[in-house]
Structure formats: C-alpha cells, structure tokens
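Here is a short note to read beside the structure. Please keep the model open and find each place as it is named.

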Amino acid sequence: MKKLIKNGVIVTATDTYEADVLIDHQVVMAIGHNLDEADCEIVDAKGCYIFPGGIDPHTHLDMPFGGTVTKDDFETGTVAAAFGGTTTIIDFCLTNKGEPLQKAIDRWHEKSSGKASIDYSFHLMVSEINNDVLAELPNVIEKEGITSFKVFMAYKNVFQSDDATLYRTLLEAKKLRALVMVHAENGDVIEYLVEQALAEGNTDPIYHALTRPPEIEGEATGRAAQLTQLADSQLYVVHVSCAQAAEKIIEARKKGANVYGETCPQYLVLDQTDLEKPNFEGAKYVWSPPLREKWHQDVLWQALKNGDLQTLGSDQCSFDFKGQKELGKDDFTKIPNGGPIIEDRFSILFSEGVVKGRISLNQFVDLTSTKAAKLFGLYPKKGTIAVGGDADLVIFDPNQERTISADTHHMAVDYNAFEGMTIKGEPVSVLSRGEFVVKEKQFVGKAGHGEYIKRAKHNEPYQLKKVLPTNS
Ligand code: URP
Ligand code: ZN
Ligand code: ZN
Ligand code: ZN
C-alpha cells in the first residue's frame, strides 16, 4: 500500500526542510506539499526528523572468530540494527586461503539468506593474491556486486596478510574500480609485545590495550596510505581509534590521495580505563584496535567535523560475557575481540554529536548514511531521500530519551558496553523499501524481507530502475 509521511522535517546530508514523502513500489515516489492522499496509509511524523536509513558499513554477523562464533547472526543482528535506525548493513565475508572465493561467498549467502529484516551486502576479505584469486576477482564484482576488498594488517597467523598482498590488492582494485579496506595495526610488532607481556605474567584485559599502542595503528595506517599512493589506488581505513592514525589519513588526503577513514562509537565514548574494570569486566571492552586514552576522542570528533574521517561504522562483533569473553579469564589473548553496537551506533552519534553541538544535523546524516552509500556503490538507491531512491527512512524523535541497557536492547548478548548511558534522540519508526520494520517502537518486520544488494563500483552511481506511480 502507498504511504504518505506527513508533517516531518526531511534531513539529508545537504538539506533540512519540511515536506511530505509519498512512498509507492518500495521507493520515494514524490516529495512535496499537498500530495495526493488517495489510497495512502497516512503516517504522521509531527515533531520528528525524517532521516535516510542508516548504513552500517562494518558488521560481523555469525562470524567465527577467536575460537568461537559471534552471538548475533543475520536475524538478531538486523532486528537490532533496525531498532537503532539502520536499514542497510555491509558485512565482512571471510575467506580461507586456498579456497575458491565463490565458496566463501556462498557460505555467507547461506548464513544470511532468509534471515535479514533489512537489506545487506558483503565486503570480501582478500588474504592472498595468486592466479586463482586474480581470475576470480572480476567475477566477484560483476556477478556478486562485491566492490570492496578487506585486507588485515594484524591478527598474525589468523587473518594477517603481508605488505605485498596489500599492495597487489590495491593494484587490482584500481583496475577493477573496487575500494580496498584495511584493518591497520602492525601485527608483527603486536605479536612481539604480546609474547613479552605473557612472559612477564601479565594476563589481565588491560594488557590487550598495552600491547597494541596507538603508534602501532599509526604506523600501519601510514604504511597502507603510502602503498595506496604508490599504487594510485583507493583505500578505506576501518575503525580508526587514535590521533596517530587520524593524522596519517589527514596527511594522505592533503596530498590528494584517495584515502578515507571510518571511526566507531566506542572510540568516541569509551576509553582505555574501561579495560581496568574489576572482576574481569574489562573483557567487555576488548576491541582491536583497543580503546584509547580519553584525549584521543577530541581528535576523532574534530576529524569527523572537518571531514577528515568520513563514516561511522559499528564494527558489530558481539560475544556474550558469560562463556565467550570468559574464554580469556586467565589470558587476555584468548578474549574474543569485539562488542555489540549495531543497535546504538546511530543514536549515540546523534546524542553525543548533534545534541552536544560537535557536528551538524546534516553531517550526522552524511556520517551515518550518505558517505557510506557513495563510497560503497549504493548511492542514490540508499543514503539519501530522493525520488526514485529506496524508501529506507527513519522517523526520529529528537526529544525522546533512553538509557542503554542489556535488559532492553535487542542484540543477542548478555551485556552492553554502554550500559547506563542516557542518550537523547530515538528512532520511532523505521521503514525498509517502504515497509515498516519498526513501527512506534515495535518490531513489525520479518526475517527474509531484507534483500542482498549487488553494489556499483567504487564512486560510481547505483543505476536506479525507473518506477512509475500507481494510478488511483
Ligand atoms: O575487535 C574487533 N574489532 N573485532 C572485530 C574484528 C575486526 O578486527 O574488525
Ligand atoms: Zn505498490
Ligand atoms: Zn578490524
Ligand atoms: Zn571489524
């Protein structure tokens, strides 16, 4: 059924204005005043903003990692995402060396097919470059619409690739017009520091942070940025946590390099002291890169405001405290890395960013949706509110308050790293391609509504199909 959203204030990355939105055939059919109400369900958005649905470019759902598997899968993870105002996710498809890429992609389709309540796409991990991989990559782009490749510079003997692999991936991505993503930390030096810490009997969660100092992230970020310039390619640095890494991105961008950076809410709000919480609670705050000293947050906020960092990802990678994080009770290296954040990414940035005057309303939309859509080949299907684009919309009440808690969140884990934090501004209703997924704070979506999206190449527009209005 057609829907007409009335009385709201539309906010895009560039504009803020009052207008009504007519939805038909899953897309935004018209924006204006005095639109024809015939056969429409009327949705009153008085007092609310209408945002483009959030795009979370960094999730790990149903992913084997650290000797266990992330707790949230494509069903629970996308329900939580929808509650939080996110209508598209891009998840990381892991690959195994020696295995055809297509086999890994098929495995990720199996994990997600029929489960997601919002739309989704994949990035592909590249861990080696050889003739088989080179032969398959064009197909990955053309057939699967996967136009971003992820290379790990850390997690030695697990995911880590060497510099030649990164460089060759950058060269190939330039040719194929894909975006290379890196986890930028120096895995070799981390391994040495970890061995030293364990030899000295230092096994507590805080040593996770102390063995991964910010210089280690700054060095790897700078190295990846330099290799990108040498290859004249394009790079997206995930989960930037510290000043040292931000500086390297700023430096490369000043030279005109195609280098982009993402940060995550955890680095904007939490800090290294959280890892020192007693009773092993510090394990809840183990991310890689680790949480930093508080002063880094000012640098990250400034970088978001200045456009030096372009996106906000969640890096959703959730493990229960009981039974999963506890695997590292006697050895911090066995604590599975990551946390539950897919649900609160959007509202935390609104509350901490817009409400506190650190970023503008339009920057908020750019950071949570538009820029990711543009970089990852989803725009203008996703990432804005425009005629012909998907009706992925968030009706958002800027005055509602909520206290974050594991008791009320929709993620499948037994804790929330932001427990007790009060945030201002909440999604009230969320639509995915014109269907309510969340309506008046109730989940009304269904598993399987979410479609797999084949994306356009890096920096190229997604070609929209022409949709004609239904005659009433
Ligand atoms: O600690 C983290 N970030 N876990 C998820 C995997 C990754 O490195 O992104
Ligand atoms: Zn229709
Ligand atoms: Zn990572
Ligand atoms: Zn990640």
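The points below go from the whole chain to single residues.

1. Basis. This is a predicted model, in which local features need pLDDT of at least 70 and side-chain atom pairs count only at pLDDT 80 or more, while totals for chains, interfaces and linings use all residues. Residues are numbered from 1 along each chain as its sequence is written, and chains are lettered from A and ligands numbered from 1 in the order in which they are written.

2. Domains. In contact are 19 residues of domain 1 and 21 residues of domain 2 (contact: C-beta atoms, placed from the backbone, within 7 Å). On the side of domain 1 that touches domain 2, β18 (393-403), β19 (422-432) and β20 (435-439) each supply at least two residues. The largest share, six residues, comes from β19. Helices (H or I, at least four residues) and strands (E, at least two) are DSSP runs, numbered from the N terminus.

3. Ligand 1. The residues around ligand 1 are His60, His183, His239, Trp287, Ser288, Asp315, Cys317, Asn337 and Gly338; a residue counts here if its C-beta atom, placed from the backbone, lies within 6 Å.

4. Helix α4. What length should this helix have? At 1.5 Å a residue, the 14 residues of α4 (residues 163-176) should span 20 Å, and its end C-alpha atoms are 20 Å apart, which agrees. The expected span is 1.5 Å times one less than the number of residues. Leu166, Arg168, Thr169, Leu170, Glu172 and Ala173 of α4 are buried (20 or more other C-beta atoms within 10 Å of a residue's own; exposed is 12 or fewer, partly exposed in between; C-beta atoms are placed from the backbone). Their cover includes α3 (131-142), β13 (148-152) and α7 (214-231). Just after α4, Arg177 has a positive phi of about 60°.

5. Backbone exceptions. Most residues other than glycine have a negative phi, and most peptide bonds are trans. A cis bond joins Ser288 and Pro289, with omega about -10°; Pro289 is in the loop between α9 (265-269) and α10 (296-306). Another cis bond joins Tyr379 and Pro380, with omega about 5°. Tyr155, not a glycine, has a positive phi of about 65° and is in the loop between β13 and α4. Tyr155 is partly exposed, with 18 other C-beta atoms within 10 Å.

Notes:
Contact = placed C-beta atoms within 7 Å.
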